[in-house]
Amino acid sequence: MQNIDNPSTPATDAEVASVLEHARRAELILVIGNKNYSSWSMRPWVALTAFDIPFREIRICLDQPDTSARIAEYSLAGRVPILIDGDLTVWDSLAICEYLAEQYKEKNLWPHDTAARASARSICAEMHSSFSALRSSMSMDIRASRPGEGRTTQAQADIGRISEIWEECLSRYGAHQFLFGQFSIADAFYAPVVMRFQTYGVFLAPALQAYMERVIAHPAVERWIDEAKAEIEMLPDHN
Ligand SMILES: N[C@@H](CCC(=O)N[C@@H](CS)C(=O)NCC(=O)O)C(=O)O
């Protein structure tokens, strides 16, 4: 675990105890990886920020000798993101977003309409379980610019499938805004894909390009990008 006041210094046991005690009392805590690289962390962070749900962030630098030990202080699953709500720990980006949607029902993190909500859940599950070629050959690196790189046949097929998903959602539900009209968990889930398409110079049909621009301009995504750009660590690729 890192020292919150001085992120380059590992936290002491007392500091770890204090953070956990703090969490037990009220505040939501989201444990994440580096903003430039951790696509899985970006999803719930963007959802929390977009829906104005107060939380405190703990950032653990990935790929360091003590990364696993630091993550294990919060979850034995050994992966970020991790949400801590009092005594409860929720790990995995999709489980975290589902938990938030349940806890903050009035905020409609999922689309309100049943059919739209079922589609939104389907595309998030698809994001969660597919697109491994895109993930490995076009890993998220917000600060980088690598136009044309990473286009393996399989990555190209993933790009094609994602375009199909976006086209379908925007024409059926999106009313030319976000995938289901209002910003939802679905957009938070695909925001890291938008980051990849930007880094690797993937150009899509004008309507999809305009959707990507709206995602990039969303205040929550904009904040994540700014904070990713302010990071200084250089890590190997992450998927
Ligand atoms: N399916 C998980 C995947 C999480 C994941 O793979 N996180 C990576 C960082 S992006 C991680 O924690 N890696 C641990 C490490 O690098 O030590 C989720 O959705 O939360």
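Predicted model: local features only at pLDDT ≥ 70, side-chain atom pairs only at ≥ 80, totals over all residues.
**Stop 1: the core.** Begin by selecting V46, A47, I185, A186 and A191, the residues with the most contacts inside the largest nonpolar core, which has 66 residues. Helix α8, residues 185–199, gives the most to this core, supplying ten residues. Colour by domain next: domain 1 (13–106) and domain 2 (110–225) each contribute at least three residues to the core.

**Stop 2: A186.** Centre the view on A186 and set aside its neighbours within four places in sequence. What remains in contact with A186 is A120, I123, C124, L179 and F180.

**Stop 3: along α8.** From first C-alpha to last, α8 reaches 22 Å, close to the 21 Å expected at 1.5 Å a residue. Look for the kink of about 35° at A191, shortly before the proline P192. Just after α8, select G201, whose phi is positive, at about 60°.

Stop 4: Move on to α9, residues 206–217. The end C-alpha atoms of α9 are 16 Å apart, in agreement with the 16 Å that twelve residues should span at 1.5 Å each. Which residues of α9 are buried? Select Y211, M212 and V215. They lie on the same side of α9, because the arc they cover around the axis is only 100°. Finally, turn to the face away from the buried side, where you will find the exposed residues P206, Q209, A210, E213 and A217.

Key:
Residues numbered from 1 in each chain as written. Core = buried A, V, L, I, M, F, W, Y, C linked by C-beta atoms within 7 Å. Buried ≥ 20, exposed ≤ 12 C-beta atoms within 10 Å, placed from the backbone. Helix = DSSP H or I, 4+ residues; strand = E, 2+ residues; numbered from the N terminus. Domains from an automatic or database assignment. Contact = placed C-beta atoms within 7 Å. Expected span 1.5 Å × (residues − 1). Arc of directions from axis to C-beta. Bend = angle between axes of the 7 residues up to and from the residue.
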